[in-house]
Every structure is written in C-alpha cells, then in structure tokens.
Amino acid sequence: MIKLYGLRMSNYYSLTKAVLIEKGLEFEEIKAPPSQKDDYLERSPMGKMPSIDVDGVYISESLAIINYLEQIQPEPALLPADPIKSAKAVELALHIKLDVELAARRLLPAALFGATASDELIETTRSEVLRGMKAVSQLMVCGPYAAGDSFTLADMYTFYSMGAASSISKKMFDLELLEDYPQISDLLAMLAERPSIAQVTAEAAKK
Ligand SMILES: N[C@@H](CCC(=O)N[C@@H](CS)C(=O)NCC(=O)O)C(=O)O
C-alpha cells in the first residue's frame with residue numbers, strides 16, 4: 001500500500017491526499033514533519049512534505065507523485081485525453097504553483113510565525129504575486145473548472161495553492177488577492193464542496 005508522509009496542515013500534503021482519494025487508491029498516512037535528517041532526505045531530498053513510499057521506492061514533489069498516481073490509476077483522469085488540453089492544464093497548474101504560491105511563500109515565515117521581512121521583500125513579493133495572478137487569470141478558463149469542462153489537477157492546485165497565497169497576501173499586503181477575480185473565488189467555493197477536498201479539510205481539522 002502507498003504510504004503518504006507529511007502533515008495534514010500542509011497544503012501540498014493535503015493536495016496529494018485529495019488526489020489519492022479522488023482516485024480511490026488505498027493509502028496509509030504517516031506523520032512526518034519536514035526535516036533535514038538523513039532518513040527524511042532519502043525520502044524527500046529537500047526535506048519537504050509530502051513524499052510517498054511505494055514498496056520501498058520514494059517519490060517527492062506533488063506533481064511527480066500525481067503523475068505517478070495518474071499512471072497507476074488512470075480513472076478518474078486528472079488530465080484531459082486531448083494532448084493540448086492536457087498540456088494547458090499542466091501549464092496552468094505550474095503557473096499557480098510557481099508564480100503565485102511559491103512567490104507568496106517567501107513571506108510565509110513572516111505571515112505565520114512572526115519572522116521579520118524587509119519592506120523591500122514585501123514589495124517585491126507583492127508585485128510578483130500580482131504578476132503571477134495576472135498570468136493565471138489569463139489561462140484560467142473557469143468553464144466551470146480551472147482548465148475547462150472537466151476536473152483536472154489544475155483545480156487541485158487552484159484550491160490548495162491559491163488558498164495559501166490568499167492568506168499570505170491578506171496578512172502581509174492587506175490585499176484580498178481574489179477581489180478582482182470573482183470567477184476564481186466562485187471556483188474555490190465549488191471545489192471546497194468536492195467530496196475528496198471536503199474529506200481532507202475535515203480530517204485536517206480533527207488533527
Ligand atoms: N514543490 C513541493 C513543495 C512542498 C513544500 O513546500 N512543502 C512544505 C509544506 S506545505 C514544506 O515541506 N516546507 C518545509 C521546508 O520548506 O523546509 C511540492 O510540490 O511537493
């Protein structure tokens with residue numbers, strides 16, 4: 001059985017868990033906070049969560065894990081069969097992940113743990129996040145799902161990465177990130193009701 005390592009408080013752990021549930025795969029959750037210890041790095045070379053263990057083989061990085069899960073359990077598909085539509089869904093997921101969430105994440109220690117951040121870092125991050133949002137909104141179809149008429153991994157990244165970026169933006173820039181993007185807000189509300197995502201949220205609240 002697949003072992004999923006990490007903590008329920010992590011958005012990328014939650015995303016990966018939601019994908020496992022979507023695909024109806026059996027898995028075991030193993031609590032493993034991020035660490036730089038050798039045994040952890042063997043599973044996840046940057047010491048981050050999540051990672052999975054498949055019969056002694058470790059895979060880190062949510063997108064690599066999802067790619068593996070998509071191949072061992074093609075249905076329900078998280079990517080459209082059409083190659084162009086599939087590439088566009090991955091493109092969108094990557095822009096959300098790298099240009100919005102990862103940009104905002106630089107201020108996570110300040111937003112969540114009271115670390116100090118220079119005015120320069122705050123301003124640079126704000127402008128990068130806004131640039132990322134512009135790129136994402138250009139690609140986001142909301143028809144009704146992020147990349148078109150079917151649920152894809154871009155919806156998973158929309159839910160889990162956009163939520164994190166919104167919280168950081170509110171705290172650090174006093175900015176409602178989604179204020180100018182009502183369609184993305186509506187999509188987030190719809191995704192929150194999706195059974196796999198709702199289950200992950202409920203279980204994370206239990207701790
Ligand atoms: N690119 C990674 C990101 C994973 C990530 O940033 N995980 C965070 C928790 S949400 C983490 O482990 N942070 C600890 C650290 O940065 O050392 C993925 O997609 O899986």
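1. In this predicted model, the largest pocket has a lining of 37 residues, and those that lie nearest its centre are S10, N11, Y12, E101 and R105. The space in this pocket comes to about 1000 Å³. Sorted by class, the residues of its lining are 20 nonpolar, 10 polar and 7 charged.

2. As to which elements build this lining, at least two residues each come from α1 (11-22), α4 (83-105), α5 (108-113), α7 (153-173) and α9 (195-206). Of the contributions to the lining, that of α7 is the greatest, with 7 residues.

3. A reader new to the structure may then ask what takes up the largest pocket. The space taken by the ligand is this pocket, and the residues that surround the ligand are S10, N11, Y12, P34, K48, M49, P50, E61, S62, K97 and R105. Among them, S10, N11, Y12 and R105 also belong to the residues that lie nearest the centre of the pocket. By class, this shell around the ligand consists of 4 nonpolar, 3 polar and 4 charged residues, and α1 and α4 each supply at least two of its residues.

4. Several contacts between the ligand and the protein deserve a look in the structure. A nitrogen atom of the ligand lies 2.8 Å from a backbone N or O atom of M49, and a polar side-chain atom of E61 likewise lies 2.8 Å from a nitrogen atom of the ligand. On the side of the ligand's oxygen atoms, one of them is 2.6 Å from an N or O atom in the side chain of S62. The ligand taken alone exposes 510 Å², of which the protein buries 78%.

5. M49, whose backbone was named above as a partner of the ligand, is joined to P50 by a cis peptide bond with omega of about 10°. P50 itself is in the loop between α2 (38-43) and β3 (51-54), and both M49 and P50 are among the residues that surround the ligand.

6. The peptide bond from E75 to P76 is cis, with omega near -10°, and P76 is located in the loop between α3 (62-72) and α4. D55, a residue other than glycine, has a positive phi, near 50°, and D55 is part of the loop between β3 and β4 (57-60). These features stand out because most residues other than glycine have a negative phi, and most peptide bonds are trans.

Key
Residues numbered from 1 in each chain as written. Predicted model: local features only at pLDDT ≥ 70, side-chain atom pairs only at ≥ 80, totals over all residues. Heavy atoms only, no water. Near = heavy atom within 4 Å. Polar contact = N/O pair within 3.5 Å; in protein donor to acceptor, adjacent residues only side chain to side chain. Areas by Shrake-Rupley, 256 points an atom, 1.4 Å probe, with all protein chains shown as cover. 1 Å grid on protein atoms, 1.4 Å probe; cavity = no way out; pocket = protein on both sides within 12 Å on 5 of 7 lines; lining within 4 Å. Sits in = over half its atoms within 2 Å of the grid points. Helix = DSSP H or I, 4+ residues; strand = E, 2+ residues; numbered from the N terminus. Nonpolar A, V, L, I, M, F, W, Y, C, P; charged D, E, K, R; others polar. Points joined across faces, edges and corners; volume = space filled by probe spheres on them.
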